[in-house]
Amino acid sequence: MDILRDTHINWLKYRWYFFSISLVLFLVGAVDIYRKGGLRYGIDFSEGTIVYAKFENTPEIESIRQALANSSLGEVIIQRYDQPSLNQVMIRAERQAEQTGDLDTAANQILDTLRERYQENRLVDSSTEIVGPVVGQELRRKARNATLLALAAMLIYIGLRFEFIYGVGATIAVLHDVLLTLGLLSLFGYEISLNVIAAFLTLVGYSVNDTIVIFDRVRENRRFLRRKSLDEIINLAINQNLRRTLLTAGATFLTVLSLYLVGGEVLRSFSFVLVVGIIVGTYSTLAIASPVVSWWRRVREKRTLDRAKTEAPAAPRAS
Amino acid sequence: MKTNMKWKALLIALVMMVFGWSMYPPQEKIPLGLDLRGGIHLIMKVNTVDAVRAVTDETVDALGTLLDDESISFQAIESEEPAQIRVSGLDINQDQAFRALIETNFLSWDPTRPEPGVWELRMRAAELNRVREETVAQAIETIRRRVDALGVAEPVIAPHGDQGDQILVQLPGFDDVARAKEIIRSTAKLELKLVEAGPAASREQLLQGREQPPSGSEILPGASQTGAADQVFYLVEHVPVITGRDLKNARQSIDYETNTPNVSFTLQPEGANRFRRATQANLGRQLAIVLDGQVMSSPVIQSAIYDEGQITGRFTLEEAQDLALVLRSGALPASLEYQEERTVGPSLGADSIRSGVTASLVGLAAVVLFLLVYYRLSGINAVVAMVLNLVMLLGAMAYFGATLTLPGIAGVILTIGMGVDSNVLIFERIKEEMRGGKTPRTAISAGFGKVFWTIFDTHLTSLVAALILFQFGTGPVQGFAVTLSIGLLANVFTSIFVSRFLFDLILGGRRQVEALSI
């Protein structure tokens with residue numbers, strides 16, 4: 001079986017279309033983040049308390065809201081969690097400024113209230129997440145450092161294995177992927193949690209992976225096809241690998257999509273990043289990474305040409 | 001079969017046996033993480049300043065004694081902040097003697113003289129670090145003893161964070177959060193001190209118009225003996241007769257007079273000697289039993305006591321048991337502060353694992369179906385490689401003692417995805433070579449040869465990302481990084497070596513191969 005036999009698409013010709021698409025997506029995300037007053041951080045990175053409560057029967061959000069309203073908890077967010085059949089509710093409380101002493105005051109208060117108020121529809125099980133202020137800040141810093149470090153390490157590796165500009169192209173492409181995905185994350189209302197950071201680093205790995213496959217083919221082609229221009233060689237590499245790109249992206253996409261659809265609420269935001277990331281990461285190879293390399297080649301050729309022009313008249317005088 | 005092939009077959013069989021043996025049976029060999037199994041995850045900060053304070057106080061005492069011995073006169077030795085001591089009212093003529101004394105006896109302190117007759121001592125940075133590190137290490141040891149006594153299987157108790165003053169505790173399968181936290185955190189500092197006055201209703205009564213308690217003594221709060229709720233105060237000697245360090249054993253027992261639970265303890269020989277002498281000399285006086293700075297009771301010494309004692313209070317049975325437990329495991333060198341707390345209810349964990357496993361199976365089925373439909377017979381080859389990859393991944397995880405977390409499952413799925421990528425890359429290249437007119441045999445050879453470096457580069461960069469992830473990682477993220485790293489390595493073996501071997505195996509018997517089911 002075969003799909004897409006021998007394509008001859010001039011990918012680089014469409015670079016301005018690609019740039020425009022990316023720019024629009026980026027702006028949509030940026031506007032959304034701005035409108036929402038910044039990215040939403042999950043409890044891992046901020047501070048506060050989340051209680052996941054599992055009831056015997058379907059819980060009523062409104063009655064829980066009323067039960068918790070006249071407590072000293074301040075503003076409380078109450079949502080249904082995961083599949084309806086699991087009877088779960090998520091309750092999130094911010095840490096109160098005046099709250100001192102033990103970290104778990106809010107969680108205990110919520111659980112006690114629920115146990116007391118719901119005698120018929122009993123509380124079956126519960127989980128809690130409580131994060132103090134110090135931990136959140138430390139994590140945020142660590143997450144940023146880890147992402148930057150991963151990018152730098154890849155830039156260096158690709159720079160060594162290929163040429164420096166290839167590393168730059170791959171890094172810009174990855175940056176593009178991260179920014180677009182962040183925008184979509186905000187647009188779909190997901191929070192940044194520890195798991196989401198893990199997903200982002202995976203996305204970085206995947207995107208670079210995809211870019212390297214193409215660059216590797218470019219490197220190979222340049223050895224055999226010395227007469228052809230770099231643009232032609234890049235187009236050829238993309239076309240040669242097009243089936244592979246679609247098939248693997250497709251297969252990985254299937255696995256990640258199953259995670260997103262049936263993996264449960266805990267993995268929802270994590271798999272969302274991967275679902276988006278695989279599409280964006282594959283797209284950025286031909287839309288961003290390859291044009292960057294081709295553009296750099298043109299700039300350099302122009303520069304050598306200019307230098308040749310300026311040096312040519314100077315030559316007679318020197319001799 | 002050629003000899004070469006036999007060796008390869010043997011190697012593959014051997015690898016599979018080792019990894020398969022390592023992971024079998026997976027339910028036992030790969031424990032589930034907290035998120036899937038339920039349990040408690042705590043991060044706490046050790047207030048190392050407590051320990052620094054204690055060392056400073058000890059030094060103040062020691063310095064006072066030594067100055068008296070050397071007959072260097074002074075007015076006061078004070079410490080307003082931990083790690084700082086101020087000696088004032090020194091005879092100016094004894095400056096050199098004082099300096100020499102510090103430099104020979106208190107090496108870890110740095111002396112300066114801000115004005116004549118006054119010396120300030122500052123704890124050196126190296127010593128400060130040593131005290132801090134020791135405190136955290138001691139706290140970890142103590143917590144470990146307590147957790148072991150609780151009977152939690154496979155607990156994690158480890159240093160955490162960049163500052164080096166945090167401790168991570170994970171108790172899988174344990175769901176009484178309040179009890180676990182109380183046992184871990186209670187300082188359990190036991191001191192037996194002679195009472196000079198009290199109980200009294202207020203501090204002022206004990207001070208009798210003085211500003212501070214007389215030197216060598218201090219005022220401690222305690223619960224009223226009569227059962228009333230209000231607090232009472234005691235004036236007690238500063239230096240304890242015995243402390244928790246002198247304990248040999250502690251256990252929960254029953255007070256026969258009141259028929260309520262209490263804790264009885266026995267002392268080690270040296271402590272017992274001291275205790276006997278002290279009680280003998282102070283017959284008729286009260287002895288305060290102080291726990292974490294609170295006077296629990298203050299019985300009158302009726303006769304010399306040898307090596308036994310009791311702590312009474314209004315304990316429930318469980319409280320008495322837990323107190324005995326923490327006393328046995330020793331006092332914490334400093335107080336703890338909880339910074340992060342996660343608990344997962346057992347049935348909520350079960351819900352998560354059901355979703356995670358379902359997702360994995362669905363993903364796996366989709367990929368297998370895709371490979372078989374698209375690549376037909378060669379698809380079987382890829383599926384075999386994928387299964388071996390999974391065996392190696394799980395086997396390595398079992399070997400390293402990694403736990404399976406939800407992000408870990410995600411890592412497994414992603415590994416499958418990347419494994420398929422390698423196979424597709426190779427298969428597509430083989431097809432391409434065949435279209436270029438090569439025979440299947442040479443096409444396979446060329447395909448594997450050319451794709452090798454691509455797979456090498458892609459896997460190495462992903463590995464770099466995974467290792468950084470591991471460095472950054474806390475708990476779940478680390479689990480993901482571990483599975484991904486192992487999976488990547490296994491992948492190189494299966495997609496390049498095993499897959500190639502299978503192709504050679506299929507083509508091996510036939511002399512002339514015209515077509516390949518790919």
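**View 1. Domain 1 (11-40 + 135-309) and domain 2 (48-131) of chain A.** In this predicted model, the two domains of chain A, whose bounds come from an automatic or database domain assignment, have centres that are 40 Å apart when taken over C-alpha atoms. Local features need pLDDT of at least 70 and side-chain atom pairs count only at pLDDT 80 or more, while totals for chains, interfaces and linings use all residues. Residues are numbered from 1 along each chain as its sequence is written, and chains are lettered from A and ligands numbered from 1 in the order in which they are written.

**View 2. The side of chain A that touches chain B.** Here 59 residues of chain A are in contact (C-beta atoms, placed from the backbone, within 7 Å) with 54 residues of chain B. Among the elements of chain A that each supply at least two residues to this side are β1 (48-55), β4 (123-131) and α6 (194-224), helices (H or I, at least four residues) and strands (E, at least two) being DSSP runs numbered from the N terminus. The most is given by α6(A), with 14 residues.

**View 3. Pairing of β4(A) with β17 (residues 336-344) of chain B.** These strands pair (at least two bridges found by DSSP between them) in the antiparallel sense over 4 bridges, and A:Val131 stands opposite B:Glu340 in β17(B).

**View 4. The loop of chain B that holds B:Leu107.** B:Leu107 lies between α5 (95-105) and β4 (109-115) of chain B, and this residue counts as exposed (12 or fewer other C-beta atoms, placed from the backbone, within 10 Å of its own) because B:Leu107 has 10 C-beta neighbours inside 10 Å.

Methods: Buried ≥ 20, exposed ≤ 12 C-beta atoms within 10 Å, placed from the backbone. Contact = placed C-beta atoms within 7 Å.
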